Amino acid sequence: NRYPDKAHAILTNKADGNYLVSVRAPLNRKMGADELVSQFPTGGGRKAAAGINALPSDMLDDFIDAFEKQFEV
């Protein structure tokens, strides 16, 4: 809430070596989270809030690049 123009993602290590990913679009522009995560296996959600159930660790750099491009970081 403190930074309404910024998107954010939280990645959690899973026991199987993959990541659980939660993405939130900026509060001032609640769109794009669904488009971002749909580029990855097990990704889905809403425009403002979406996630990836099992991001393979070898796709982490691809996710970061896509996040930066999607939200112009």
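Me: Which residues gather in a patch of negative charge on the surface?
Reply: In this predicted model, the patch is formed by Asp58, Asp61, Asp62, Asp65 and Glu68. Patch members have over 30% relative accessible area and no salt bridge, and like charges are joined within 9 Å, with the place of a charge taken as CG of Asp or CD of Glu. A salt bridge here is a side-chain nitrogen of Lys or Arg within 4 Å of a carboxyl oxygen of Asp or Glu, and accessible areas come from the Shrake-Rupley method with a 1.4 Å probe.

Me: What confidence limits and numbering sit behind that?
Reply: Because the model is predicted, local features need pLDDT of at least 70 and side-chain atom pairs count only at pLDDT 80 or more, while totals for chains, interfaces and linings use all residues. Residues are numbered from 1 along each chain as its sequence is written, and side-chain values use heavy atoms, with hydrogens and water left out.

Me: Where does glutamate 68 sit?
Reply: Glutamate 68 belongs to helix 2, residues 60-71, where helices (H or I, at least four residues) and strands (E, at least two) are DSSP runs numbered from the N terminus. Its relative accessibility is 36%, so glutamate 68 counts as partly exposed, the class between buried (under 20% relative accessible area) and exposed (over 50%).

Me: Switching to the inside, which residues touch the most other members of the largest nonpolar core?
Reply: Val23, Leu36 and Phe63 do, within a core of 16 residues. Two or more residues each come from strand 2 (19-24), helix 1, strand 4 (49-55) and helix 2, and helix 2 gives the largest share, four residues. Such a core is a set of buried Ala, Val, Leu, Ile, Met, Phe, Trp, Tyr and Cys residues joined through side-chain atoms within 4.5 Å.

Me: And leucine 20, buried or exposed, or in between?
Reply: Leucine 20, which is in strand 2, has a relative accessible area of 39% and is therefore partly exposed.

Me: What is the phi of threonine 42?
Reply: Phi is near 65° there, a positive value in a residue other than glycine. Threonine 42 is in the loop between helix 1 (33-37) and strand 3 (43-45), and with a relative accessible area of 44% threonine 42 is partly exposed. Threonine 42 and asparagine 53 are eleven residues apart in sequence, yet 5.5 Å apart in space, C-alpha to C-alpha.

Key: Buried means under 20% relative accessible area, exposed over 50%, partly exposed in between (1.4 Å probe, protein chains only). Patches are made of residues with over 30% relative accessible area and no salt bridge: like charges are joined within 9 Å, nonpolar side chains (Val, Leu, Ile, Met, Phe, Trp, Tyr) within 5 Å. Lys and Arg count as positive and Asp and Glu as negative; His and the chain ends are not counted.
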